[in-house]
Amino acid sequence: GSVAATTTIAATSSGLTATLLGYLIDGHMSIHRTNNGILGGLVSITAGCAVVTPEISVVIGICGGLVYFGSSMLLVRLKIDDVVDASPVHMFCGAWGTLAAGIFAHPQNTAMAYGTGSCGLFYECDGNGGLQFAANLCLVLAVLAWSAFFGVVVFGILKALKCLRVDAETERIGLDTAEHGGGAYEVEAPVRRQSMFFNKSTLDQAKLDVMGKNAAPAAELAAVAES
């Protein structure tokens, strides 16, 4: 019951925080911000859901919303392309959640969940709070180092083999249209009449076009998709 409560509270508080920040900074409420704020809250509470109190889960969730929103804006400023905000949600909020468990872990909850005498920095448990936080910090640094090293290796090889990105024509049209037949986020109503043109033969033609065999029809398809 406690785990369900802390998880739900953190997700809610983080989602509300991200939504409010989006309204204040972007000037409008965004489903994208709300959804990722909720996900950021869930990621933030994962490490400590069994060892923190419901009251503390509110703090963790609010901070998770701040971490998500701030890191999302940071990536935009640094011109790093992360269209679904995967890094802010999983990397940044994941790191925060791991550290939060080392800060806010309640001694009684930790003993019940894991049978150990450790706790977070906010509590006294024979000096183990500092050790628990240090262990969590080492974990975060180790995961970052491992991911960075193998990420450089894998993507470096893909870049050398010229497999890291698609050709310029496919980029211009968009993978949603070239590979899947239309935009992934078309939520307007009513359905536009142009969508009827995307039958199987048209989609097959689009795949041929983006491979460079016929540039003119590709431009026409792109215009239809964008209209």
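Helices here are DSSP runs of H or I with at least four residues, strands are runs of E with at least two, and both are numbered from the N terminus. The model is a predicted one, in which local features need pLDDT of at least 70, side-chain atom pairs count only at pLDDT 80 or more, and totals for chains, interfaces and linings use all residues. Residues are numbered from 1 along each chain as its sequence is written, and side-chain values use heavy atoms, with hydrogens and water left out.

Is N109 buried or exposed? N109 counts as buried because its relative accessibility is 16%; buried means under 20% relative accessible area, exposed over 50%, and partly exposed in between, with a 1.4 Å probe and protein chains only. Now show what touches N109. Apart from neighbours within four places in sequence, N109 is in contact with A50, V51, V52 and T53, where contact means heavy atoms within 4.5 Å.

Next, select G48, in the loop between α2 and α3 (54-77). G48 has a relative accessible area of 2% and is therefore buried.

Move on to helix α1 (residues 2-26) and helix α2 (residues 31-46). Their axes come within 7 Å and cross at roughly 140 degrees. Axes are lines fitted to C-alpha atoms, for helices over the stretch in contact, and angles run from 0 to 180 degrees between N-to-C directions. α1 and α2 are therefore oblique to each other; angles under 35 degrees count as roughly parallel, over 145 as roughly antiparallel, 65 to 115 as roughly perpendicular, and the rest as oblique.

Which residues of α1 and α2 meet? On α1, select T6, T7, A10, A11, S14, G15, A18, T19 and D26; on α2, they meet R33, T34, G37, I38, G40, G41, L42 and I45.

Finally, show the whole chain. Its secondary structure comes to 10 helices and 0 strands. Of its 227 residues, 33% are buried. Colour by pLDDT, the predictor's confidence in each residue, from 0 to 100. The chain averages a pLDDT of 85, and 80% of the residues score at least 70.
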